[in-house]
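Below is a colleague's note on the structure, arranged as numbered points. Please read each point with the sequence and the coordinates open.

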Amino acid sequence: MTRQKLYTLLSLPILALTIVLMVTGCGSNNSDASHSSSNRTAALNIFVHADAGLIGAVRVGQLATLDGSRSVSSTSASLTFDWSFTSRPYSSKAVLQNPTSANPSFIADVAGTYMIQLVISVEGVSSQRAIATVEATTPDNFLTGKHLHTSYTSQCAECHDGRYAIPVPPLAAVMAKSGNHIATSNMCQACHTTFGFDVRRYTDHIEVFGKCSACHNGVRAIGKSDSHIETSAECSDCHTTNNFLKVSADGKYDHSDITKGCAACHNGTTALGKHETHPATNSDCSFCHTTVSFKGTYPDHSTIKNGCANCHNGKDAKGPKDGHPVMDFSIVDCSICHNVASFNMGGVFSHNVIVPPIKCADCHTDSNSINAPGKASATNHLVT
């Protein structure tokens with residue numbers, strides 16, 4: 001190494017220290033800014049690590065208890081725990097009890113793999129998530145597959161990282177991620193189960209890197225359907241990991257299995273949502289529309305917030321019929337005369353609601369279609 005290079009390297013720490021001192025000095029006249037900066041610096045220096053405990057195994061119907069007590073931080077402040085399911089066996093209705101404690105529990109109601117993530121936080125700093133695995137089996141089955149894993153951590157990569165590929169009797173070889181594995185993190189437990197490294201109960205896309213089409217090509221994972229429109233766009237331009245919608249050749253989607261409100265998907269992102277001129281309402285789409293027609297009947301007007309004429313204009317909904325008096329709907333709304341129970345007044349109308357600029361002759365004409373009588377014959381009506 002030359003003397004000039006050595007001098008440069010030795011000078012770097014001194015230069016960095018000088019900059020720190022200069023920045024500190026510049027902020028010395030502003031106690032609030034200094035305090036805020038100190039808080040941010042302290043937060044950046046906090047180490048926090050979530051540990052979801054050992055792999056669990058229970059029989060169907062038994063209580064499974066999780067253990068996050070090995071989670072640590074670099075401060076003495078109390079840890080905040082946040083547990084939640086990332087995957088449950090199909091049809092499971094399991095519910096976490098005490099999900100903000102170090103040791104939540106749940107009843108394993110269905111056989112299969114339960115994956116539960118843990119995120120801990122302290123003083124505003126959150127950890128990366130850890131995932132606990134609990135296998136629920138029936139009495140005639142292994143608890144955690146061919147090799148009993150109940151004494152091992154849920155962090156699979158601590159063993160399945162290639163270090164133990166060569167068998168050391170009495171232990172067998174420990175399989176690692178294959179060379180043709182898709183690009184993912186090393187959080188094996190997000191997708192795999194102890195019953196086999198090739199058994200994937202669920203694919204957690206948070207741990208997957210790269211383009212969707214690298215897997216969703218019709219071979220490794222479901223790809224475009226035969227009726228998919230021709231496009232070179234990447235899957236993520238239209239789809240999400242929560243909604244890989246499959247539409248029929250005519251562009252329709254089978255809603256027969258949908259059990260939740262329309263707005264959960266029809267939000268303008270996942271599926272078509274309200275257009276810019278849609279009436280102001282907080283009701284669900286199903287109040288007005290059906291899956292057969294996106295312009296269906298509207299039986300319940302209780303959530304409508306604006307005037308009738310905004311919809312009842314003859315285009316979006318039934319409007320004034322031929323012969324109806326010409327009205328300025330920016331001043332007089334349909335509700336002056338009509339109501340949601342009946343668009344026909346039934347021959348009875350209270351004129352107390354009439355306000356200018358409506359004139360009697362606006363309605364009482366011989367050509368109207370609302371049964372408002374016009375002038376009597378000229379022989380018995382005053383000439384005006």
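**Notes on the model**

1. Aspartate 51 sits in the loop that runs between β1 (48–49) and β2 (56–59). The model is a predicted one, and the remarks on this residue, like those that follow, should be read with that in mind. Aspartate 51 is buried but takes part in no salt bridge, and the nearest side chain of opposite charge, that of arginine 70, is 5.4 Å away. Since a salt bridge requires the nitrogen and the carboxyl oxygen to lie within 4 Å, the separation of 5.4 Å from arginine 70 leaves aspartate 51 without such a partner.

2. When residues up to four places away in sequence are set aside, aspartate 51 touches Asp67, Gly68, Arg70, Ser71, Leu118 and Ala130.

3. Arginine 70, which is among the residues touched by aspartate 51, has its salt bridge with aspartate 67, where the closest N and O atoms are 3.6 Å apart. Both partners count as partly exposed: arginine 70 has a relative accessible area of 45%, and aspartate 67 has one of 25%.

4. The side chain of arginine 129 meets that of aspartate 204 at 2.9 Å, N to O. Arginine 129 is in the loop between β8 (125–126) and β9, whereas aspartate 204 is in the loop between β11 (196–200) and α3 (360–363), so this pair ties together parts that are 75 residues apart in sequence. Arginine 129 and aspartate 204 are both buried.

5. Arginine 129 also forms a salt bridge with glutamate 207, for which the closest N and O atoms are 2.7 Å apart. Glutamate 207 lies in the loop between β11 and α3, while arginine 129 lies in the loop between β8 and β9, so the parts tied together here are 78 residues apart in sequence. Glutamate 207 is buried, as is arginine 129. Through shared partners, the salt bridges join Arg129, Asp204 and Glu207 into one network.

6. Asparagine 186 belongs to the loop between β9 and β10 (192–193), and its relative accessibility of 53% places it in the exposed class. Its C-alpha is 8.1 Å from that of glutamate 207, although the two residues are 21 apart in sequence. Apart from neighbours within four places in sequence, asparagine 186 is in contact with Ala157 and Lys177, and with lysine 177 there is a polar contact between the two side chains at 3.2 Å.

7. Which residues hold the most contacts within the largest nonpolar core? Among its 24 members, Leu66, Trp83, Phe106, Tyr114, Ile116 and Val134 touch the most other members. At least two residues of this core come from each of β5 (80–87), β7 (112–122) and β9 (130–137), and β7 supplies the largest share, namely five residues.

8. Of the 384 residues in the protein chain, 25% are buried. Among contacts between residues at least 6 apart in sequence, 52% join residues at least 24 apart.

Conventions:
Residues numbered from 1 in each chain as written. Predicted model: local features only at pLDDT ≥ 70, side-chain atom pairs only at ≥ 80, totals over all residues. Heavy atoms only, no water. Helix = DSSP H or I, 4+ residues; strand = E, 2+ residues; numbered from the N terminus. Buried < 20%, exposed > 50% of the residue type's maximum accessible area, 1.4 Å probe, protein only. Lys, Arg positive; Asp, Glu negative; His and termini not counted. Contact = heavy atoms within 4.5 Å. Core = buried A, V, L, I, M, F, W, Y, C linked by side-chain atoms within 4.5 Å. Polar contact = N/O pair within 3.5 Å; in protein donor to acceptor, adjacent residues only side chain to side chain.
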